[in-house]
Amino acid sequence: MLIAQFSDTHIKPAGQLAYGVADTHQMLQSALDHLQGLPQRPDLLVITGDLVDAGSVVEYQRLQNLLNDLPMPYLLIAGNHDDRDHMRQVFPHHPWLEPQGFWQYRAQASDWPFQILALDTVNAGESGGRLCPQRLNWFAQQLEQSPHVPTLVMMHHPPFATGIGHMDAIGLADAASFADILRQHPQIDLVICGHLHRNIRATVGGRAVMTAPSTAHTVQLDVAPDAGAMFRMEPPAYLMHWWSGTGWVTHHVNAVQSPGPYPFFHPDGQLIMA
Ligand SMILES: [Fe+2]
Ligand SMILES: [Fe+2]
């Protein structure tokens with residue numbers, strides 16, 4: 001079982017670049033082409049929030065047009081740039097979602113040896129995230145009902161400080177309460193997040209937690225508390241989570257065309273490296 005994780009696709013209306021620089025639509029198209037060129041086709045694609053840049057229906061329709069032709073199903077969650085109501089209008093295929101309210105759900109399929117719990121960390125009108133008591137209670141309840149089901153959690157705002165000052169300033173409030181729930185539920189194997197536009201790993205409440213890179217622009221690596229809010233056009237990337245039978249193994253994938261593949265052999269057939 002393979003799950004591809006894209007994040008922070010930040011789709012804009014036609015003809016507009018994110019921050020005047022990033023052609024996020026074209027970059028997502030190339031990342032999707034890259035994904036479909038891999039030797040193994042993922043069973044599922046998840047996109048962990050900031051799907052579009054300004055939460056408009058027209059942006060979600062452009063995203064939907066790109067995702068429509070995919071040969072695998074996809075699951076979405078909301079980020080601080082998203083609008084839940086507009087997401088519901090354009091993406092009605094999330095059968096576990098309540099008709100209104102938070103964009104959170106438990107996803108399961110008969111051939112999955114695990115479940116996915118999708119959380120909504122959006123605090124409408126704010127860049128920082130929240131998990132209010134209502135959302136935390138729902139999360140704890142789902143876990144109490146399935147103590148032996150391996151669980152993958154996905155959410156937009158990561159529940160840890162990254163060191164990048166301007167991003168931590170718009171991080172997740174209530175991270176300590178969330179960590180308490182993680183600590184009590186060892187069936188959680190992995191928590192996957194977005195928001196940081198970088199691949200970062202941490203341990204929270206004894207569980208592995210990571211953020212995915214963006215298919216578009218990359219937040220600059222600068223771990224000063226007063227780091228300026230800057231981005232770079234590093235290679236777009238995504239994550240591939242492989243279910244090993246006992247847990248998740250994550251691969252970072254650069255979504256760029258690269259020379260190769262080359263065999264680990266000399267032209268005379270002698271093995272030089274493996
Ligand atoms: Fe983002
Ligand atoms: Fe975000």
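Which residues does valine 153 touch, not counting residues up to four places away in sequence? Select valine 153 in this predicted model and display its surroundings: the residues touched are Leu117, Leu119, Phe139, Phe178, Ile188, Leu190, Val191 and Ile192, where contact means heavy atoms within 4.5 Å. Residues are numbered from 1 along each chain as its sequence is written, chains are lettered from A and ligands numbered from 1 in the order in which they are written, and side-chain values use heavy atoms, with hydrogens and water left out. Local features need pLDDT of at least 70 and side-chain atom pairs count only at pLDDT 80 or more, whereas totals for chains, interfaces and linings use all residues.

Stay with valine 153, which lies in strand S6 and is buried, with a relative accessible area of 0% (buried means under 20% relative accessible area, exposed over 50%, partly exposed in between, with a 1.4 Å probe and protein chains only).

Next, colour the open sheet of 6 strands, whose order is S4-S5-S6-S7-S9-S8 with mixed pairing; strands are DSSP runs of E of at least two residues and helices are runs of H or I of at least four, numbered from the N terminus, and two strands pair if DSSP finds at least two bridges between them. Strand S4 (105–107) and strand S8 (200–204) are the edge strands, each pairing on one side only, and the twist averages 20 degrees from one strand to the next. Within the sheet, strand S7 (residues 188–193) and strand S9 (residues 207–211) pair in the parallel sense over 4 bridges, and valine 191 has valine 209 in S9 as its bridge partner.

Helix H4 (residues 133–145) lies across S4, strand S5 (115–118), strand S6 (151–154) and S7, at about 170 degrees to S5; axes are lines fitted to C-alpha atoms, for helices over the stretch in contact, and angles run from 0 to 180 degrees between N-to-C directions. Helix H6 (residues 175–184) touches S6, S7, S8 and S9, and its direction makes about 150 degrees with that of S7.

Move on to methionine 154, whose contacts beyond four places in sequence include Val46, Leu75, Tyr105, Ile116 and Ile192. Methionine 154 is among the residues with the most contacts inside the largest nonpolar core, which has 52 residues (a nonpolar core is a set of buried Ala, Val, Leu, Ile, Met, Phe, Trp, Tyr and Cys residues joined through side-chain atoms within 4.5 Å). A second, separate core of 28 residues includes Val153, Phe160, Leu196 and Val204.

The iron ion (ligand 1) has Asp8 (OD), His10 (NE2), Asp50 (OD) and His197 (NE2) as protein donors, at 2.1 to 2.3 Å, donors being N, O and S atoms within 2.8 Å of the metal (3.2 Å for Na, K and Ca); water is not among the atoms, so sites may look incomplete. The iron ion (ligand 2) is coordinated by Asp50 (OD), Asn80 (OD1), His156 (NE2) and His195 (ND1), at 2.1 to 2.3 Å. Aspartate 50 bridges the two iron ions, which lie 3.6 Å apart. Aspartate 50 lies in the loop between strand S2 (44–48) and helix H2 (57–67), and asparagine 80 in the loop between strand S3 (74–77) and helix H3 (84–90), so this pair ties together parts that are 30 residues apart in sequence. Aspartate 50 counts as buried at 2% relative accessibility, and histidine 10 is buried at 1%.
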